Amino acid sequence: MRLNFELPVSKSEESRSLTPKEEVQWVALKDHPVFCPDASSSFPPVAANKNGILSRFPRNLIAWDGASRLYFWDSARKCLHRISLRLGEPEPTSVLAAFPSKVMQADVELDFAVEKISINRDGSALLLAGSSGLSVMYLYGRTSRKDNNIICRTVKVGAQFYFDSSNMIRMLQVSWHPYSNTHLGIISSDSVFRLFDLSSDLVQPEQEYFLQPLEPGRSRSAASICPVDFCFGGYHLWDRFSVFILFSDGSIYIICPVVPFGSAYKWESILEIYNDAQVFGVKSANSTAVRNSNIAISWLEATFPELAQREMDDGNLPMLKAHPHTLFDASLALQGPLRKVCISKEDEALAVQGAECEGHAVSLLYNLVSKDSILVTAWSGGQLQIDALADEIQPVWIFGSPPRLRVDAHGHILGLAMICESISGELSVVKLDQPLDHTVWLGHPPPLLRLAIVDLAFPKQTEGGSTITMFVDSLMPERIYFLHDGGIDSIVLHFLPFSSQTSGKDESIKVPTVHPVVSTCQGEASSSPLVGFISLSDSFGFSWIVGVTCTREFIVLEMKMWDLLVSVHVDSEKKANREEQKEIDTPDIISKELLSGPKVVLVPQASPNLRSVSADSIEGRSTLHQYFKLFHENYVEYAHKVYFELKHHGPHIKRVIDDQHARLAEAQQKMLKVEEKQSLIKERIDHAFQQHNVLEQRLQHLRSLPGAHKKPLSKAEKELKSGLDRFTGVELDAMRYSIEALRARLRRHTQSPKGTVGNQQRQIPKQSYIQDSRITQLKSSLAKLSIVNSENSKKVKLLESVLKNCESSKI
């Protein structure tokens, strides 16, 4: 249960607020007046940002604090509704909402369209994000009231980086850090991941990571150097310090360790990582593993100084606070791209090949299920790529590339920036049967174990493909929801490599099952896409999904939890025994004992001289008395039993007969209804035959059209089309701006006076000057990058001209 504390109200405030409070009513969540469909207050379609680029930012205007409060952003009124919920009242499957709801407004005017809201871990701040702006609204603290609305303090974040009219940098994804209430992670189109600390600085990021997935001197397609999404790791070993980054060509990279300054972690979790590095790294026979594990241990002891004080009692220190620390002579490596694990030699070529899905990658989801780390990649063509990490993540640094630090007057680190480059050389192919000595703490990125490739079977989309947003069920992590333009689908994972192995299950690999949940398409041309989606759950095991369409229609569905992962086994023998038992237990009208008759014989065996005995004698009377006694005990009592049975079962037989007559009358009525409907069915069948004939005629007319005789694309044309699809969504303007920014930075560094360098040297200890050789290398890299950019532009123009010629020739 969550307790909400309010500040005491002074007498002066009570005198000013003499308006009587409205009585709170509890209504069904789907019938709440806030979500009444209204054409005037419907949500606007996706619009272009300030730079004229069509926004494909993930849209979600609902948030839940995980306890009892639902937040909904009203785009028409530009306000936030806070609705209190009661889960499982009065029925276990019902959801009630309080009316009227609290209305919260920002203390400053928002100059952008809000497309996504997200609440932090403790429910104290709400993220308001859009393609043209980013703000954070503080829900508690310094607030005021105006027209019965709560005015909350709202601040802007990262305005100089992403929303300046002079640059072309776009914010691609933003998310709260799972281990901090004040840190935001943002990835942008200039291939930079930034971590902001809202408690210290709203303008300057705390940490910056410049991502360079390509090695110097090498060139690949432009789609391979444009990030599209990222996600933080979960509560498993080094995953909690990892950031997973997805690029447009579907490649996934990892940077580890990334720790927000001042974030809190459990003592048991850090101690587990610390002991793992000492057992599997320091004691390894490989010198590379020993060196890497020693670096990781020194980093852990500097970030969490309590680890070095082993005399402290573990029970007295439940949480550890991360201290600012980084290696002065090394930067984090960009681990990847993650390859598929190989089972045999035939799979080695498949592990290094490119993408297997159509279009370009659009979103990434990290999901931790028991001991398995699951990565789900969504593609614009509607395919889902589900992989599991086949090995643990270890931190990797590249020495010789020192980071850039911001320190205060006392030498304490305030912020850092570093260039994350990929590891030089070809990546080794990891096989499933390799021993631990060949994989642990050697600096190799973890391989991916392919679980499934799921096709959601989307209809043909327009240019840009479909935007897919993924959510994990709040109660059952094996179930994942997929929000797209056509509705909501869910996928249940039935096989988890490590979890199934540790649980002792000896079952065959089961493919995931896909379940359509909500469809918002009434036809090919009309649809009402969802603009909000959350998953609710309570402590009793009940789960709901909540969605809002663009026409303000609210959807609340109860999701069944039990028996989704347990396979049902039917035993035919037990089923037959149950049927036999049911037949045996069926009561009879007359018992079988009465139908079989009396069991005792009337005349018992007697001696041969019995006929000579007279009836008046003592022996005769005794014999007759014995005969009468046997007759009374058997036949008279049997007759009484028969009479009692017939008298007792008479009403029962009458009820059975009446029931049979009622069923007969009901069957006769149904037969009459069927006879009445038979004529209508015949008419419908005739109408269906007529429609079938009309459709056949239309099909013949369509076949006669010239477009129906188009030839299928050849293999070379398909490869050309897939290559063009990869270029869709690639920001060439952002690449040009990155080149210009690098050139400007180079000019500033080369033309900076000596006094500025001296000041930087005093502020940045152990920081070396930029050598002339590195400047020359940077100039050559810029020249090569500009040449590659110009060549790509020429190729794109040539491809467009070839396509236009092909289309004109076909027409």
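Predicted model: local features only at pLDDT ≥ 70, side-chain atom pairs only at ≥ 80, totals over all residues.
View 1. Ser 251 is buried, because its relative accessible area is 11%, and the cut-off for a buried residue is under 20%. The side chain of Ser 251 makes a polar contact with the side chain of Asp 249, at a distance of 2.8 Å. Once residues up to four places away in sequence are set aside, Ser 251 touches Ile 245, Leu 246 and Pro 337.

**View 2. Leu 405 in strand S27.** Leu 405 belongs to strand S27, which covers residues 404-407, and Leu 405 is buried, with a relative accessible area of 5%.

**View 3. A nonpolar patch on the surface.** Ile 681, Ile 685 and Phe 689 form a nonpolar patch on the surface, and together these residues have about 300 Å² of accessible area. Phe 689 lies in helix H9, which is made of residues 618-703. Is Phe 689 buried or exposed? Phe 689 counts as exposed because its relative accessible area is 52%, and the cut-off for an exposed residue is over 50%.

**View 4. Two cysteines, Cys 226 and Cys 256.** Cys 226 is buried, with a relative accessible area of 9%, and Cys 256 is also buried, with a relative accessible area of 0%. How many disulfides does the structure hold? The structure holds zero disulfides. A disulfide is a covalent bond that joins the sulfur atoms of two cysteines.

**View 5. The chain around the close-ups.** For a reader placing these views within the whole, the chain has 13 helices and 36 strands, and of its 811 residues, 40% count as buried. Among the contacts in the chain with a separation of 6 or more, 62% are accounted for by residues 24 or more positions apart. The accessible surface of the chain comes to about 47600 Å², and carbon and sulfur atoms contribute 55% of that surface.

Notes. Residues numbered from 1 in each chain as written. Heavy atoms only, no water. Patch = residues over 30% accessible without salt bridge, like charges linked within 9 Å, V, L, I, M, F, W, Y side chains within 5 Å. Areas by Shrake-Rupley, 256 points an atom, 1.4 Å probe, with all protein chains shown as cover. Salt bridge = Lys/Arg side-chain N within 4 Å of Asp/Glu carboxyl O. Helix = DSSP H or I, 4+ residues; strand = E, 2+ residues; numbered from the N terminus. Buried < 20%, exposed > 50% of the residue type's maximum accessible area, 1.4 Å probe, protein only. Polar contact = N/O pair within 3.5 Å; in protein donor to acceptor, adjacent residues only side chain to side chain. Contact = heavy atoms within 4.5 Å. Disulfide = S-S within 2.5 Å.
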